[in-house]
Amino acid sequence: MSSRTGGLLFIVSAPSGAGKTTLVEHLVQILPNLRMSRSYTSRPARPGERDGVDYHFVTREQFQQMIERGEFLEWADVFGNFYGTSARDTARLMTDGQDVVMVIDVQGARQVKAHGMDHTSIFVLPPSFEVLERRLRGRSVDTEEQMQRRLATARAEASAFRDYDYVVVNDQLEPTVVRLQEIIAAERSRTHRMRAIGDEIIKSFRP
Ligand code: 5GP
């Protein structure tokens with residue numbers, strides 16, 4: 001039976017503190033053929049973060065050189081640090097039918113859209129601003145100034161959910177992971193993506 005060859009691209013965005021990284025980490029553990037792309041960043045590693053696992057940590061100079069060489073599929077300046085997705089890494093992951101999920105901010109999502117790349121975008125909203133603030137303060141190593149910046153960015157960017165294909169509200173981890181799984185299953189089952197498999201099955205229907 002033939003199967004899809006190129007993988008699908010999913011984008012997940014959310015305000016900082018909405019829990020998107022935890023959600024997507026659970027998702028890739030559950031779903032075969034779904035990989036999370038690993039971003040490059042110029043921000044210093046936080047305690048417990050590992051280079052090549054959480055991010056590829058690079059200097060601002062290295063990041064700028066990568067921009068100049070056109071190596072990024074998308075990149076953005078978020079809270080004063082650079083973040084970006086390598087075009088080559090993503091293309092490599094998507095060969096052989098692997099689906100890729102990118103956890104990126106709204107600026108990056110707009111760039112992928114502008115490239116005209118086929119993708120499915122999902123926005124994760126917290127149940128309310130109060131819940132978001134509580135979660136952010138709970139996990140925070142930020143100064144109050146950094147916290148205020150994150151909250152201001154969340155206020156400015158949350159309404160971008162309207163530009164995404166799907167929206168999920170992260171009230172509880174497990175049901176939200178299930179919701180994301182359902183979205184991915186639905187996208188994988190779209191007729192144009194199943195055509196080769198369907199055609200193959202239909203051959204067996206011939207008398
Ligand atoms: P953090 O520093 O908390 O890990 O991430 C801060 C923000 O950067 C989050 O909103 C996250 O989604 C975003 N981000 C992480 N990697 C990328 C990336 O490769 N590209 C873009 N555009 N944003 C990213």
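These are my notebook entries on a predicted protein model and two of its residues.

**Ground rules**

I am working with a predicted model, where local features need pLDDT of at least 70 and side-chain atom pairs count only at pLDDT 80 or more, while totals for chains, interfaces and linings use all residues. I number residues from 1 along each chain as its sequence is written, and my side-chain values use heavy atoms, with hydrogens and water left out.

**The whole protein**

I looked up the secondary structure and found eight helices and nine strands. Here helices (H or I, at least four residues) and strands (E, at least two) are DSSP runs, numbered from the N terminus.

The radius of gyration is 18 Å, close to the 17 Å that the globule rule gives for 207 residues, so the protein is as compact as a globular protein of that length. That radius is taken over C-alpha atoms, and the rule is 2.2 Å times the number of residues to the power 0.38. I also noted that the C-alpha trace spans about 70 × 40 × 30 Å along its principal axes.

Next I checked burial: 40% of the 207 residues count as buried. Buried means under 20% relative accessible area, exposed means over 50%, and partly exposed lies in between (1.4 Å probe, protein chains only).

I then turned to contacts, meaning heavy atoms within 4.5 Å. Among those between residues at least 6 apart in sequence, 68% join residues at least 24 apart.

**Residue D51**

Where does D51 sit? I found D51 in the loop between β3 (40-41) and β4 (56-57). Is D51 buried or exposed? Its relative accessibility is 54%, so D51 counts as exposed.

Not counting residues up to four places away in sequence, D51 touches H56 and F57. The D51 side chain reaches the backbone nitrogen of F57 at 2.8 Å. I also looked back to Y40, eleven residues away along the chain, and the C-alpha atoms of D51 and Y40 are 9.6 Å apart.

**Residue R150**

My second stop was R150, in helix α6 (residues 144-157). With 12% relative accessibility, R150 counts as buried.

Which residues does R150 contact, leaving aside neighbours within four places in sequence? My list reads S16, R46, F79, L136, R139 and D142. With S16 there is also a polar contact of 2.7 Å between the two side chains. For that term I wrote down: a pair of N or O atoms within 3.5 Å; within protein, one must be able to donate a hydrogen and the other to accept it, and residues adjacent in sequence count only if both atoms are side-chain atoms.
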